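Subject: Structure for your review

Dear colleague,

A summary of what was found in it comes after the display.

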Amino acid sequence: MPIDLPPYMQERIVCSIAAAAKYEIPANVLLAVAEKENGRAGQWVRNSSNGSDDVGPLQFNTNYLRELAQYGITPSHVAAAGCYPFDLAAWRLRKHIRYDTGDLWTRAANYHSRTPQFNQVYRADLMVRAAKWADWLGKHYQTHDLALAGAALPAQATAPAMAPASTPASLSVKYVPRRLIVSA
């Protein structure tokens with residue numbers, strides 16, 4: 001990783017890669033979401049349309065965080081510096097990828113909104129950003145093409161409150177995400 005990156009970018013990259021490996025989702029997709037959301041630790045952004053706030057590096061909406069309160073997750077947790085907000089975003093993306101309908105990109109864009117008009121705009125930008133991050137990852141890490149025969153997202157769940165996972169239906173996309181190969 002280039003050392004001349006600002007600290008928030010270093011944290012974004014390191015934490016996104018670690019969280020993607022932990023939750024077994026494509027690292028380039030999580031990096032694309034983190035870049036698209038473009039939040040900072042401690043940041044609160046007011047949504048004038050509904051009075052909610054987007055919080056922290058991954059811009060979790062306070063309406064969504066109300067659902068997570070049952071697990072002891074507070075806005076201050078997701079607003080904090082460090083990797084926890086990225087872990088939570090990876091956990092959330094994993095749920096969207098596994099259980100939502102549509103292709104991979106629609107499922108990933110559900111992170112932002114399930115409303116078709118908002119999802120479609122976010123999805124298009126996410127695909128461009130994910131392609132850029134896939135290229136970056138390919139230059140810096142060994143990766144695995146998820147489109148190869150027999151390749152599927154792993155079925156084991158690693159987060160609380162996730163039902164047993166099943167392999168998602170065929171993920172037809174123009175650009176196929178890549179997952180890092182992590183060896184022990």
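Predicted model: local features only at pLDDT ≥ 70, side-chain atom pairs only at ≥ 80, totals over all residues.

Overall organisation

The chain contains seven helices and five strands. Read from the N terminus, the order of these elements is α-α-β-β-β-α-α-α-α-α-β-β. Of the 184 residues in the chain, 45% are buried.

The three-stranded sheet

Three strands form an open sheet in the order β1-β2-β3, and their pairing is antiparallel. Its edge strands are β1 (44-46) and β3 (60-61), each of which pairs on one side only. Strand β2 (residues 53-55) pairs with β3 in the antiparallel sense over two bridges. In this part of the sheet, D54 has N61 of β3 as its bridge partner.

D53 counts as buried because its relative accessibility is 16%, which falls under the 20% limit. The side chain of D53 makes a polar contact of 3.1 Å with that of R46. Apart from neighbours within four places in sequence, D53 is in contact with W44, V45, R46, N47, F60, N61 and T62.

The nonpolar core

The largest nonpolar core has 43 residues, of which L30, L58, F60 and Y111 touch the most other members. Two or more residues of this core come from each of α1, α2, α3 (62-68), α4 (75-79), α5 (84-99), α6 (104-109) and α7 (116-140).

F60 has contacts with several parts of the chain. Leaving aside neighbours within four places in sequence, its partners are D53, D54, V55, L65, V78, P85, L88, A89, R92 and Y111.

Aromatic pairs

A pair of aromatic rings is described by the distance of the centres and the angle of the planes. Four aromatic pairs were found in a search of the whole structure. One of them joins F60 and Y111: the ring centres are 5.9 Å apart and the planes stand at 65°, so the pair is edge-to-face. Because F60 lies in strand β3 and Y111 in the loop between α6 and α7, this pair ties together parts that are 51 residues apart in sequence. Both F60 and Y111 are buried. Together with Y64, F60 and Y111 form one aromatic cluster.

W133 and W136 form an aromatic pair that is also edge-to-face, with 5.6 Å from centre to centre and 75° between the planes. Both tryptophans lie in helix α7, three residues apart, which is about one turn of the helix. W133 and W136 are both buried.

Loop residues with positive phi

Which residues other than glycine have a positive phi, as E24 and N38 do, and where do they lie? For E24, phi is near 55°, and the residue is placed in the loop between α1 (7-23) and α2 (27-37). For N38, phi is near 50°, and the residue lies in the loop between α2 and β1. N38 counts as partly exposed, because its relative accessibility is 38%.

With kind regards

Conventions: Residues numbered from 1 in each chain as written. Heavy atoms only, no water. Pairing = 2+ DSSP bridges. Helix = DSSP H or I, 4+ residues; strand = E, 2+ residues; numbered from the N terminus. Buried < 20%, exposed > 50% of the residue type's maximum accessible area, 1.4 Å probe, protein only. Core = buried A, V, L, I, M, F, W, Y, C linked by side-chain atoms within 4.5 Å. Contact = heavy atoms within 4.5 Å. Polar contact = N/O pair within 3.5 Å; in protein donor to acceptor, adjacent residues only side chain to side chain. Phe/Tyr/Trp six-rings, centres within 6.5 Å; stacked < 30°, edge-to-face > 60°.
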